[in-house]
Amino acid sequence: MTPIKPEPHPSGATPPTIRAELIPQHIAMVMDGNGRWANERGLPRTKGHEAGEAMLIDVVAGCIDIGVKNISAYAFSTENWRRSPEEVRFLMGFNRDTIRRRVDLLDSWGVRVIWSGRKPRLWRSVVRELERAEERTKNNTVCTLQMCVNYGGRAELVDATRAMAEDVAAGRLSPKKITEKTIQSYLYAPELPDVDLFVRSSGEQRTSNFQLWQSAYAEMVFLDTLWPDFDRRMLWEAVDTYARRDRRYGGAVDAVTAAESQAAAAPAAKPKAGYDPQLMADPDAPDGGIYDDDGLID
């Protein structure tokens, strides 16, 4: 089936003209600000997540419009288990239903959907929908959407290290032959290129444990727009900013005098994990529908 092009943006906006070699081939997207968007309107946090669904689809359309081949979306992090049981339950069902609702459209655009993350604690119904989407879209080549659900950058590196250690112990891998390429091959999606452009909405300026290995040389763009107000036009703004950057990859540069930095505020105390398998279970599954906790998520 020949892929169809996404509908134009309702505003009539079109992507900026950028030379193909300056288009990032992999964008990491932290979709932040759903809760704040809802709070500003006196709505439950879940309404912000609902409003953000359409923005993810529009951003994927924007990637296709401008020629970005890979986008990784931070849908649910390993740290999100610290949220209230009500919000966790909502996010489990929401991620499952979003894939179910949108896979037809993504498939028609030629988007390949892949999932990266850990099974433990996830509802089996969530994993089932993700795996169905992977199978259905596996031959698509227009763009790859990596859905990062129950994902953490450190967890990914731990899992890669454990798998390498097992291969070393079994005699399948020599420690002396481990290189950066070896580590890359043990990551969740080793076929994807490194992240060129790391984008975060909402004005926060941190990576939040997302795509740590892959973003070693990524250009960072932080936009103030809350995610439910974010669309392909903001994506194009970030891509245009990226195209204007001078990427040196560690090459020599002229020395400059660093400005004095302001005193950093004391970091907030890290919240305690509040994972409760009974409270966060799938209400539609008689046994809770959750993969067993392997104890590796703090």
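Two strands are taken to pair if DSSP finds at least two bridges between them. Strands (E, at least two residues) and helices (H or I, at least four) are DSSP runs, numbered from the N terminus. The model is a predicted one, in which local features need pLDDT of at least 70 and side-chain atom pairs count only at pLDDT 80 or more, whereas totals for chains, interfaces and linings use all residues. Residues are numbered from 1 along each chain as its sequence is written, and side-chain values use heavy atoms, with hydrogens and water left out.

Four bridges join β1 to β5, and the two strands run parallel; within this pairing, M29 stands opposite V199 of β5. β1 also pairs in the parallel sense with strand β2 (residues 70-77), over four bridges. There, I71 of β2 is the bridge partner of I27.

Buried denotes under 20% relative accessible area, exposed over 50% and partly exposed in between (1.4 Å probe, protein chains only). Because five of the five residues of β1 are buried, this strand is largely enclosed by the rest of the structure. H26, A28 and V30 point one way from β1, while I27 and M29 point the other way.

## Nonpolar cores

A nonpolar core is a set of buried Ala, Val, Leu, Ile, Met, Phe, Trp, Tyr and Cys residues joined through side-chain atoms within 4.5 Å. The largest such core has 58 residues, of which M29 and M147 touch the most other members. Helix α2 (residues 45-66) supplies the largest share of this core, nine residues. A second, separate core has nine residues, including Y74, F198, F210 and A218.

Contact means heavy atoms within 4.5 Å. With neighbours within four places in sequence left aside, M147 is in contact with L56, A73, A75, N95, I99, V113, I114, W115, S116 and L130.

The expected span of a helix is 1.5 Å times one less than its number of residues. For the 17 residues of α5 (residues 153-169) this should give 24 Å, and the end C-alpha atoms are 24 Å apart, which agrees. Buried residues of α5 are G153, A155, E156, D159, A160, M164 and D167; they pack against β4 (143-151) and α6 (180-185). G171 follows α5 and has a positive phi, near 80°.

Helix α7 (residues 232-243) has 12 residues and should span 16 Å; its end C-alpha atoms are 16 Å apart, in agreement. In α7, R232, M234, L235, W236, A238, V239, Y242 and A243 are buried. The buried residues of this helix pack against β1 (26-30), α2, β5 (197-200) and β6 (219-222).

## Cysteines

A disulfide is counted where a pair of cysteine sulfur atoms lies within 2.5 Å. By this rule the count is zero. C143 is in no disulfide, the nearest cysteine sulfur being that of C63, 5.2 Å away. The sulfur of C148 is 13 Å from the closest cysteine sulfur, in C143, which is too far for a bond. C143 counts as buried at 1% relative accessibility, and C148 at 0%.

## The segment before β1

P6 is placed in the segment before β1 and, at 8% relative accessibility, counts as buried. Its contacts, apart from neighbours within four places in sequence, are A61, I64, D65 and W109. P6 and D32 are 26 residues apart in sequence and 24 Å apart in space, C-alpha to C-alpha.
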